[in-house]
Amino acid sequence: MAFYMCCFKHLCGTAPHTSVPVRTTPTVILDTGYMGHEVVIVKNGVRICGTGGALGNVPILQNKAYFEVKLQQSGVWGVGIATRNANLNKVPLGEDAQSWVLCSDGAVRHNAEEKHKIPDIPQEGDILGVSYDHVELNFYINGRPTNTPVTGFKGTVYPALYVDDGAILDVVFENFSHGPPSGYDSIMVEKSLLEND
């Protein structure tokens, strides 16, 4: 047997080995298939810049989900949730019935209506948290709740971010800077999406 292995190694440059395919869980990132035409997504799908919006690649299906966004550079921006029918080429989001967002001016918007206004506008370096439980959408700044709940969602929603005027945002779907609220967890990939065999 050693003779055959030696010959195989001599002819092919390496000895044969068996490989076992490894199944990995897909990573939640920003979806380049659902972004505005002038949006740039970099850093392995976690940084958004340019002009327009982008959705996450995984819908929020679990009961209680949380994600964070770091404000890397000021400008016009927004974070929240949206359906795949939201117009990602038009900023700001929150101007249609398909998106619910906290905007850079401190307004929480949906369907062109200001639902709330927060007094402390987030600044560069701040961490914005987003929690969603299919009943309420809540926002956090550096781990502190803004007490601006939004309700009345319809359809399947995804994490949503938009940028304009030089804003740069980094989305974090795990390993959070501030722990999620009690009972909330990172966005989970639905098991049926993993079963492609």
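**Exercise 1. Strand E10 and its hairpins**

Find how many residues separate E10 and E11 in their hairpin, and which turn residue has a positive phi.

*Solution.* 
1. Two residues lie between E10 and E11 in the hairpin, and Asn142 in the turn has a positive phi of about 50°. The model is predicted.
2. E10 pairs with E11 (residues 144-145) in the antiparallel sense, over two bridges. Tyr140 stands opposite Pro145 of E11.
3. Turn to E9 (residues 127-132). Its pairing with E10 is also antiparallel, over five bridges. Val130 has Phe139 of E10 as its bridge partner.
4. E9 and E10 form a hairpin too, with four residues between them. Here His134 in the turn has a positive phi of about 75°.
5. Check burial. One side of E10 carries Leu137, Phe139 and Ile141, the other Asn138 and Tyr140, and all are buried. Five of the five residues are buried, so E10 is largely enclosed by the rest of the structure.

**Exercise 2. Gln62**

Decide whether Gln62 is buried or exposed, and list its contacts beyond four places in sequence.

*Solution.* 
1. Locate Gln62: it sits in the loop between strands E3 (47-56) and E4 (65-73).
2. Apply the cut-off: buried means under 20% relative accessible area. Gln62 has 13%, so Gln62 is buried.
3. List the contacts: His134, Asp185, Ser186, Ile187 and Met188.
4. A polar atom of the Gln62 side chain lies 3.2 Å from the backbone oxygen of Lys64.

Terms used: Residues are numbered from 1 along each chain as its sequence is written. This is a predicted model: local features need pLDDT of at least 70, side-chain atom pairs count only at pLDDT 80 or more; totals for chains, interfaces and linings use all residues. Side-chain values use heavy atoms; hydrogens and water are left out. Buried means under 20% relative accessible area, exposed over 50%, partly exposed in between (1.4 Å probe, protein chains only). A polar contact is a pair of N or O atoms within 3.5 Å; within protein, one must be able to donate a hydrogen and the other to accept it, and residues adjacent in sequence count only if both atoms are side-chain atoms. Contact means heavy atoms within 4.5 Å. Two strands pair if DSSP finds at least two bridges between them.
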